[in-house]
Amino acid sequence: MTKKGKNKKVKLEKYRSEEQIEIIRFIRILIVVIILIIGIYLFTRLFVTKDLLNNSTNESEINEGSINYNVTNIGSLLNKPENEYYVMIYNTENLRSVYYSGLLTNYERNEDALKVYFADLNKELNKKFYDSENASKEFINISDFKVGDLTLIKIKNGKVDRILTNEEEISIELKYDSKEDTES
């Protein structure tokens, strides 16, 4: 009987329905696809970006975007929503730019201050309007308009009302009225 038992193989057939066979086949395919995706991911991290084994923390700094509504281009200085406002034009790389910025800040502290826009001559869109030798004293059209190192333009009802190029005249025009501080 022991010899017969060795020769005789008893097979227990597993009875599975077609649905069970299809489910098992689907699970096998799903496992193969998951392994492929993980393999591609690891391959990419190891050989393409080379950052899987690199433990240095090289995190990119993300800066939140913001829009400065006080900055304008010279080409669009007449297209502002206010009826009356100033446009101050100077180069921010100029040594006197800190003084000009302080002058604007002080002027904006006035209760009756008009809106002041700023145009930087250092920006590429404004460079074509810069000509310190032939700065315009009158405004005829924007294409022929030229400004010097410092210019203050007062716009009234969509038209140029006044152009100031002298630093003293500009500081008088944009004076800070300190009487508001003494009333408090």
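Which residue lies over the face of Tyr117, and at what distance from the ring centre? In this predicted model, that place is taken by Lys80, which lies at 5.2 Å from the centre of the Tyr117 ring. A second contact of this kind involves Arg96, which is found over the face of Tyr99 at 4.6 Å from the ring centre.

From charges over rings we can turn to rings beside rings. A pair of aromatic rings is described by the distance of the centres and the angle of the planes. Searching the whole structure in these terms gives six aromatic pairs. One of them joins Phe43 and Phe47, whose centres are 5.1 Å apart and whose planes make an angle of 50 degrees, a tilted arrangement. Both residues belong to helix α2, which covers residues 18-48, and they are four residues apart, about one turn of that helix. Phe43 is partly exposed, with a relative accessible area of 48%, while Phe47, at 53%, counts as exposed because the cut-off for that class is over 50%.

Another pair is made by Tyr90 and Tyr100, with ring centres 5.1 Å apart and planes at 65 degrees, and it is edge-to-face because the angle is over 60 degrees. This pair links distant parts of the chain, since Tyr90 lies in strand β1 (residues 84-90) and Tyr100 in helix α3 (residues 97-108), ten residues apart. Tyr90 is buried, with a relative accessible area of 5%, and Tyr100 also counts as buried, at 5% relative accessibility. Tyr90 and Tyr100 form one aromatic cluster together with Tyr99 and Phe118, and within this cluster Tyr99 is the residue whose ring face has Arg96 over it.

How values were computed:
Residues numbered from 1 in each chain as written. Predicted model: local features only at pLDDT ≥ 70, side-chain atom pairs only at ≥ 80, totals over all residues. Heavy atoms only, no water. Phe/Tyr/Trp six-rings, centres within 6.5 Å; stacked < 30°, edge-to-face > 60°. Helix = DSSP H or I, 4+ residues; strand = E, 2+ residues; numbered from the N terminus. Buried < 20%, exposed > 50% of the residue type's maximum accessible area, 1.4 Å probe, protein only. Lys NZ or Arg CZ within 6 Å of the ring centre and 35° of its normal.
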